[in-house]
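Reader: I would like to learn how to read side-chain features from a set of coordinates. Please take them one at a time.

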Amino acid sequence: MIVHMTIVKLIFQLAGSLGFLLYGMKLMSDGIQKSAGEKLQRTLGLMTGNKFVALLTGLFVTMIIQSSGATTVMIVTFVNAGLLTLSQSIGVIFGANIGTTITAWIVSIFGFSFKISTMTVPVFGIGFLLTMMKKSSCKNIGESLMGFGLLFLGLSMLSEAISFDTEKLVWLKDLQSLGYFSIFIGFLIGILITALLHSSSAFTAIIITMAVKGLVTWEFAAAMTLGSNIGSTIDVVLASLGSSVNAKRVALIHVLFNVIGSLLILIIFKPFLTFVTLLTPGGESANIAIRISILHTIFNVSATLCFLPFSNQIVRLSEKIIPNKKSEISTNYKLEFQNLAGKDNVAAHIIQAEKAISDMTDIITNMFDRVQIGLSRKNADFIPIHIERISSEENYVDQMHEQITNYLLKCETLPLTEKQMGHASKMIQIVEELESMSDNCFSSAKLIQKSIEKKMKIKQEDKDRMIPYMELARQFLQFIYININKQLDANKLAMATELEQQIDDYRKELKRVARKRLELGADVKAELLYIDIVRQIEKIGDNCFSIASCLTDN
């Protein structure tokens, strides 16, 4: 009975300490991402084809946000949104694998060199006081410090939970005395537990703690560390489900990198451990925690140096394994929201929504171009060539409106900052205006179709008056397309106000001329249809101005 109670107590101690460890890491990562993560994540969207720059970017971002899983999920999101190419993503993935080793070093240096429990309360307390401040940046830093404090607490509790008598763990010793089979078992344990925890960093902390307490040998700890590299790919695999072909290829490359690298090291396992020991100051007598950290770092750096020169070949291999779909381009729009526990990248979701809105604006610009062609030429070719396409585009925009709005509503359930919440709300308004604009383009096209089918003639002088009016509207639409995801300053808002005023003035003048012709006995149906077209174009100007207002910081 006493033995059973001891086991139950041990299980709860391990579960509690692991809970503090995982939650502390999540709180720390979330706080860092809120304070600096958005700017860091946006740098991924500016990547060039330079492999070295991409590598450093992945390394830097992962070191800051303390999660290679978060970085790789971001990469999948950006590739899926078309913000990164497949080639650009490879360097970032390799850099993320190196960046994730920083956690092992934090645990090795700070976790066992002094009594970390003494730091828990002060760090957590300072963090809590910062969260009480009004300034959002202070709150985010405070949240990070609270997470750091809980991380210390989790490590301390984990160390105490694993301090039981090693003689009672005969089965664990037996498990490590099976020769090369023991290494394989440790490797599998590393894969499975990391996949369950969704964090290679957390499991590395557990491995280091067990190794320092003497529960696992150097070889067994090394095998579990290698296995954790494969288990860490679970997040990127889940993020790629339902994504584009290239996003799936990113996940495949990440898995192949970790699997092939780990298996190669398993083949030369003993010589590799000897090499790591030689590089460790103090050799075999050195702190085992430092040795594990060095092993983790050497593995990821050496694997990167081996794979990086063959980036182009890796891309081609992924394209062969996951070929392009041969089916025609789908007429159905779908914007998937990947919601992974503990790996939500708020800024990545926001950026993907921005990309979708940019695509939506591009389609509406094309619709307006077709309307402008129809009004200027006004011949029978407009109906078979453009009407069906405009109708299809309008239906597609309706789908985008629904999908993007739902996506943004789901984004609002994430831990957004006040600024991000306001941005998401404005994007919903912008999507509403864009959908109304597509309706106005479609209505204009149908009016032009009606005038062609009814053989209603529009005088050349009226067409000439309409050209600058349409050009103003198109200029305004281009202005919105260029600035759709930017914050407008006072000068740009003044430009938008001037364009909207000019469109209103033209609309009044065109309507005045049309009414005058009606008074002189002109064709009533033709003039009313002409006035309707003028009104639809003016509505597009109103939509543009409403979007410009949303893009200002007020």
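Author: What follows goes through aromatic pairs, charged pairs and a few surface and contact cases. Bear in mind that this is a predicted model.

Reader: How is an aromatic pair described, and how many aromatic pairs are there here?

Author: A pair of aromatic rings is described by the distance of the centres and the angle of the planes. In this structure the count comes to six aromatic pairs. One of them joins Phe94 and Phe307, which are tilted, with 6.4 Å from centre to centre and 55 degrees between the planes. Phe94 belongs to helix H4 (residues 86-99) and Phe307 to helix H15 (residues 288-307), so this pair ties together parts 213 residues apart in sequence.

Reader: Are Phe94 and Phe307 buried or exposed?

Author: Phe94 has 0% relative accessibility and therefore counts as buried. Phe307 is buried as well, its relative accessible area being 16%.

Reader: What geometry does the pair of Tyr333 and Tyr396 have?

Author: Tyr333 and Tyr396 are edge-to-face, at 5.6 Å centre to centre and 80 degrees between the planes. Tyr333 sits in the loop between helix H16 (311-321) and helix H17 (346-377), while Tyr396 is in helix H18 (residues 382-411); the pair links distant parts of the chain, 63 residues apart. With a relative accessible area of 13%, Tyr333 is buried, whereas Tyr396, at 22%, is partly exposed. The cut-off for buried is under 20%, so these two residues fall into separate classes.

Reader: Which residues form an aromatic cluster?

Author: One aromatic cluster is made up of Phe94, Phe257 and Phe307. A ring can also have a charged group over its face, as with Trp218: Arg291 lies over that face, 4.8 Å from the ring centre.

Reader: On to charges. What is the general idea of a salt bridge, and how many salt bridges does a search of the whole structure find?

Author: Side chains of opposite charge can pair when their charged atoms come close. The search finds eight salt bridges. Among them is the one between Glu219 and Lys270, whose closest N and O atoms are 3.7 Å apart. Glu219 is in helix H11 (residues 218-231) and Lys270 in helix H14 (residues 269-279), so the pair links distant parts of the chain, 51 residues apart. Glu219 is partly exposed, with a relative accessible area of 29%, and Lys270 is also partly exposed, at 44%.

Reader: Where do Glu393 and Arg370 lie?

Author: The side chains of Glu393 and Arg370 meet in a salt bridge, at 3.7 Å from N to O. Glu393 lies in helix H18 and Arg370 in helix H17, so the pair ties together parts 23 residues apart in sequence. Glu393 is buried at 9% relative accessible area, and Arg370 counts as buried at 16%.

Reader: What does His401 touch?

Author: Leaving aside residues up to four places away in sequence, His401 touches Met360, Val431, Glu432 and Glu435. His401 is in helix H18 and counts as buried, at 18% relative accessibility.

Reader: Which residues make the nonpolar surface patch of about 380 Å²?

Author: That patch is made by Leu178, Phe181, Phe184 and Leu188. Leu178 is in the loop between helix H8 (170-175) and helix H9 (180-197), and counts as partly exposed at 43% relative accessibility.

Conventions: Residues numbered from 1 in each chain as written. Predicted model: local features only at pLDDT ≥ 70, side-chain atom pairs only at ≥ 80, totals over all residues. Heavy atoms only, no water. Patch = residues over 30% accessible without salt bridge, like charges linked within 9 Å, V, L, I, M, F, W, Y side chains within 5 Å. Areas by Shrake-Rupley, 256 points an atom, 1.4 Å probe, with all protein chains shown as cover. Salt bridge = Lys/Arg side-chain N within 4 Å of Asp/Glu carboxyl O. Helix = DSSP H or I, 4+ residues; strand = E, 2+ residues; numbered from the N terminus. Buried < 20%, exposed > 50% of the residue type's maximum accessible area, 1.4 Å probe, protein only. Phe/Tyr/Trp six-rings, centres within 6.5 Å; stacked < 30°, edge-to-face > 60°. Lys NZ or Arg CZ within 6 Å of the ring centre and 35° of its normal. Contact = heavy atoms within 4.5 Å.
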